[in-house]
Amino acid sequence: MDEGMVKKWKWITAFFLCISVLTASHLQETGKITVDVKKIVYSSEDLKLMRHVLREIFGSESKDKIAVSSEPINQELLTFVQVKPYYKGYLFTYDEAVPLIAVDHGLVVYTGYSKDTGKTISVYYEDDTTVTYGNVDSFSLLPYTSIERGSTIGKKEPGDLYIQVEKDGNILNLEETLSWMKEHMLP
């Protein structure tokens, strides 16, 4: 199969997986099933299993890549002018547009709209960290899309960007969030 066809099948599979989760969630909300679908889909063990299954099905892009040095990732996110607590995370204010770039290999676990954080995207990384970006201006990924380190997740125009970092099931406080950002975004 050529690369274009493989990419189409990845999107089709991601679409059907997303529809399946949304349908199961709706059935749970209407009381037709008793399984807590959202808890299953968002638990880190199940995300690891789903990522492993998707890698088995689609394989990786190239197994011949060797990392020679660690390039800086998303340093622009460290150029915020103000930060304040909001909801379960923090609002970072930016004077210029910033790209949202994957800091590691991961899996997009949520894309959509939230009444608290607007246009939102959540990414589960292989190190058991989930990062949620809210008030995003644009993104083009579907849930359950596998992403590589350095790939573009979305874009934020000047203004407030919501960031929540969850590590090993615990939401990081401001000091821990800033430390995580520095650790993952500086060379």
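The model is predicted, so local features need pLDDT of at least 70, side-chain atom pairs count only at pLDDT 80 or more, and totals for chains, interfaces and linings use all residues. Residues are numbered from 1 along each chain as its sequence is written, and side-chain values use heavy atoms, with hydrogens and water left out.

Start with the whole chain. It holds four helices and eleven strands. These are DSSP runs numbered from the N terminus: H or I of at least four residues for helices, E of at least two for strands. Of the 187 residues, 34% are buried. Buried means under 20% relative accessible area, exposed means over 50%, and partly exposed lies in between (1.4 Å probe, protein chains only). The chain exposes about 11,100 Å², an area from the Shrake-Rupley method with a 1.4 Å probe. Carbon and sulfur atoms supply 55% of that area. Contacts are pairs with heavy atoms within 4.5 Å. Among contacts with a separation of 6 or more, 63% join residues 24 or more positions apart.

Now go inside. The largest nonpolar core has 27 residues. Such a core is a set of buried Ala, Val, Leu, Ile, Met, Phe, Trp, Tyr and Cys residues joined through side-chain atoms within 4.5 Å. Leu77, Tyr125, Tyr133, Ile153 and Ile163 touch the most other members. Strand 2 (89–94), strand 3 (98–101), strand 5, strand 6, strand 10 and helix 4 (174–185) each supply at least two residues of this core. Take Leu77. Leaving aside neighbours within four places in sequence, Leu77 is in contact with Tyr94, Val98, Leu100, Tyr133, Leu161, Met181 and Met185. A second, separate core has five residues, including Val21, Leu107, Val109 and Tyr144.

Tyr90 sits in strand 2. This tyrosine is buried, at 12% relative accessible area. Beyond four places in sequence, Tyr90 touches residues including Val83, Pro85, Leu161, Ile163, Leu172 and Thr177. A polar atom of the Tyr90 side chain lies 2.7 Å from the backbone nitrogen of Leu174.

Strand 4 (residues 106–114) carries Thr111. Thr111 is buried too, at 17% relative accessible area. Leaving out residues within four places, its contacts are Thr120, Ile121, Phe139, Leu141, Leu142 and Pro143.

Finally, turn to charge. Side chains of opposite charge can pair when their charged atoms come close. A salt bridge here is a side-chain nitrogen of Lys or Arg within 4 Å of a carboxyl oxygen of Asp or Glu. The count comes to three. In one of them, Lys167 meets Asp127 at 3.8 Å, N to O. That pair links distant parts of the chain, 40 residues apart: Lys167 is in strand 10 (residues 159–167), and Asp127 is in the loop between strand 5 (118–125) and strand 6 (129–134). Lys167 is partly exposed at 26%, and Asp127 is partly exposed at 27%.

Asp137 pairs with Lys156, with 3.6 Å between the closest N and O atoms. Asp137 lies in the loop between strand 6 and strand 7 (138–139) and Lys156 in strand 9 (residues 152–156), so the bridge ties together parts 19 residues apart in sequence. Asp137 is partly exposed at 35%, whereas Lys156 is buried at 6%. Lys155 bridges to Glu157 at 3.7 Å.

How values were computed
A polar contact is a pair of N or O atoms within 3.5 Å; within protein, one must be able to donate a hydrogen and the other to accept it, and residues adjacent in sequence count only if both atoms are side-chain atoms.
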